[in-house]
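Have a look at the model first.

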Amino acid sequence: MKKAGAIRVFSDFDGTISAKDVGASLFNHFSRKRNGGTVQLWLEQKISSRECLWRECSYIDASKQELLAALDRIDIRKGFPEFVSFLKIRSIPLHILSDGLDFYIQAFLARNGFDDLDVHANNAHFVNGSLYPSFPHFVAGCGFCGCCKGERINSLSNNGELTIFIGDGFSDRCALGAADVVFARGDLETLCREKSVDCLPFADFFDVINYVEREIL
Ligand SMILES: [Mg+2]
Ligand SMILES: [Zn+2]
């Protein structure tokens with residue numbers, strides 16, 4: 001699909017930029033797995049992302065410092081630093097879209113040398129030792145997502161741009177109707193197959209670079 005013109009890239013964070021799901025790891029560990037039933041209800045679409053995050057935050061029994069210390073155990077996906085440079089050199093914008101929480105995304109990225117990336121996510125607030133989420137992007141979205149990736153792609157992209165989305169999970173499903181090209185792994189790849197949505201499987205960001213270089217630029 002050789003295509004000239006402007007390109008805009010959107011990427012999920014958890015399990016896509018991070019090699020494993022940071023939010024899930026934190027919620028599982030620091031709620032002592034009390035969140036399992038809640039996540040299941042969310043996967044079955046019986047509760048929204050907002051409800052899911054509200055409940056999961058209420059189970060957390062740890063300080064912000066304890067939560068952030070756990071980030072050291074999680075790796076960044078191979079090729080992400082090279083992908084950021086690849087886009088920067090070509091002036092291709094990159095937006096990180098997440099239905100997780102901003103505090104661990106920003107901290108994880110900063111620890112890996114990225115403190116100037118554009119992140120759209122739900123917000124975390126630490127008040128008197130408790131964690132509360134808020135949802136600045138909710139109103140514009142689909143009503144189920146806290147931060148709806150379909151809505152974000154539509155509102156951040158300009159007419160005529162080729163939009164590329166990269167993701168790995170159920171929270172990416174609204175991006176499927178919005179992005180022109182979808183790179184998928186994990187549950188998102190399965191979902192694409194179930195819904196007969198075209199996607200490009202990827203293992204790491206070198207696969208994405210190679211494809212964009214070969215087929216799009
Ligand atoms: Mg994900
Ligand atoms: Zn949505």
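Before we start, one convention: two strands pair if DSSP finds at least two bridges between them. Keep in mind, too, that this is a predicted model.

With that in hand, turn to strand β6, residues 181-184. On one side, strand β5 (residues 162-167) pairs with β6 in the parallel sense, over 4 bridges, and here Gly-167 stands opposite Ala-184. β6 also pairs with strand β7 (residues 200-201), again in the parallel sense, over 2 bridges; in this pairing Ala-184 stands opposite Pro-201. To get from β6 to β7 the chain passes through helix α8 (residues 186-194), making a right-handed β-α-β crossover.

Are the faces of β6 covered or open? Both are covered: Val-181 and Phe-183 are buried on one side, and Val-182 and Ala-184 are buried on the other. Beyond its neighbours within four places in sequence, Val-182 is in contact with Phe-165, Leu-176, Cys-192, Val-197, Cys-199 and Leu-200. The largest nonpolar core has 47 residues, and Val-182 is among those touching the most other members, together with Phe-10, Ile-164, Phe-165 and Ala-179. In soluble globular proteins, nonpolar side chains tend to be buried together.

Now step back to the whole chain, which comes to 9 helices and 7 strands. Of its 217 residues, 41% count as buried. Among contacts with a separation of 6 or more, 59% link residues 24 or more positions apart. The radius of gyration is 17 Å, which agrees with the value near 17 Å for a compact globule of 217 residues.

Definitions and conventions:
Residues are numbered from 1 along each chain as its sequence is written. Chains are lettered from A and ligands numbered from 1 in the order in which they are written. This is a predicted model: local features need pLDDT of at least 70, side-chain atom pairs count only at pLDDT 80 or more; totals for chains, interfaces and linings use all residues. A nonpolar core is a set of buried Ala, Val, Leu, Ile, Met, Phe, Trp, Tyr and Cys residues joined through C-beta atoms within 7 Å. A residue is buried if 20 or more other C-beta atoms lie within 10 Å of its own, exposed if 12 or fewer, and partly exposed in between; C-beta atoms are placed from the backbone. Two residues are in contact if their C-beta atoms, placed from the backbone, lie within 7 Å. The radius of gyration is taken over C-alpha atoms; the globule rule is 2.2 Å times the number of residues to the power 0.38. A crossover is right-handed if, with the strands pointing away from the viewer, the path from the first strand over the helix to the second runs clockwise.
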